[in-house]
Amino acid sequence: MGDLPQLDRDSQFSYACNRCMSCCHDAHISLDPYELLRLSRNRNLTTTEFIARYLTEGGIVLRNRQDTSCVMLGADGCTVYSDRPQICRTYPLARRRGSDGEIILRYSGLTVSTGVYGRQGTVSDFLKAHEVEDFFAASDRYFDLALRIAAILAAAAQREPFRFATLRDIIEAHCQFHTAAIPSLIDVDRVVSDYCRERQLEFPANLAEELALHMQAVEERLAIISATPADGVDASDALDEMAAFAGALGAATKARVLLAFVDAVFR
Ligand code: SF4
């Protein structure tokens, strides 16, 4: 990834997709909670059902079929096109968060692809045409949340050093897709419906409200972790749950959660 050419929003760029669908084979599409929600609603499923039916590698990666095609690919193309994930919209570009804002990278393209690169427009034009801004905004929020969780877990490991190795291993397993265990906090519908039931709130009417409540539910759990052990509660399960979630968010948003956690512990 480090060797890929870097562009900015004003760079001359265009890409004509000729629907060869080669980029929908052998892909490794990891989802953040917003992407998961969009796909789940497209399929008329809860996130719990969608995860069980279509995701793998810790519940955040779209399955591929045996012939390497994405599980969402149909005979005429993507079956969830209006709700396809961010990378499917930006490809052959990819957007990352850097220390000074966003980084736009350009893949060189698959040798079997019939897509045609050009310069008839700008990166901005291309991104606008693929309606990516809601995806970028949600991804940025979860990127920031992942790093904040890492800092809070690091503080817990500093207070109680015996927790360090366990938290590091959990984060690493999820960051690197080395586990089949699904972080409970990734399951947005379940987290939000539990949260609403416990507080006798109406379930949110739209995705933006649901995402906001998902964040709020996580924030409240983080506040409890931050306060422990001052209030004498054993937070082991909550810490492990949060470490798994942070690792999964790191994998989905490319936030360097493991590095942030380890750095903060030994700072
Ligand atoms: S979600 Fe759709 S566009 Fe993305 S890889 Fe799968 S089939 Fe292709």
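In the predicted model, Phe50 touches Leu31, Leu36, Leu39, Ser40, Arg43, Leu45, Leu55, Leu62 and Met72, with residues up to four places away in sequence not counted, contact being taken as heavy atoms within 4.5 Å. Phe50, Leu62 and Phe261 touch the most other members of the largest nonpolar core, which holds 68 residues; such a core is a set of buried Ala, Val, Leu, Ile, Met, Phe, Trp, Tyr and Cys residues joined through side-chain atoms within 4.5 Å, where buried means under 20% relative accessible area (1.4 Å probe, protein chains only). Helix 5 (residues 133-159) gives the most to this core, with 13 residues, helices being DSSP runs of H or I of at least four residues and strands runs of E of at least two, both numbered from the N terminus. Because domain 1 (6-27 + 64-130) and domain 2 (135-266) both contribute residues, the core lies between them; the domain bounds come from an automatic or database domain assignment.

An open sheet of three strands has the order 1-8-7 with antiparallel pairing, two strands being paired if DSSP finds at least two bridges between them. Six bridges join strand 7 to strand 8 (residues 101-106), and Leu93 has Arg106 in strand 8 as its bridge partner.

Residues are numbered from 1 along each chain as its sequence is written, and side-chain values use heavy atoms, with hydrogens and water left out. As the model is predicted, local features need pLDDT of at least 70 and side-chain atom pairs count only at pLDDT 80 or more, whereas totals for chains, interfaces and linings use all residues.

Terms used: Buried means under 20% relative accessible area, exposed over 50%, partly exposed in between (1.4 Å probe, protein chains only).
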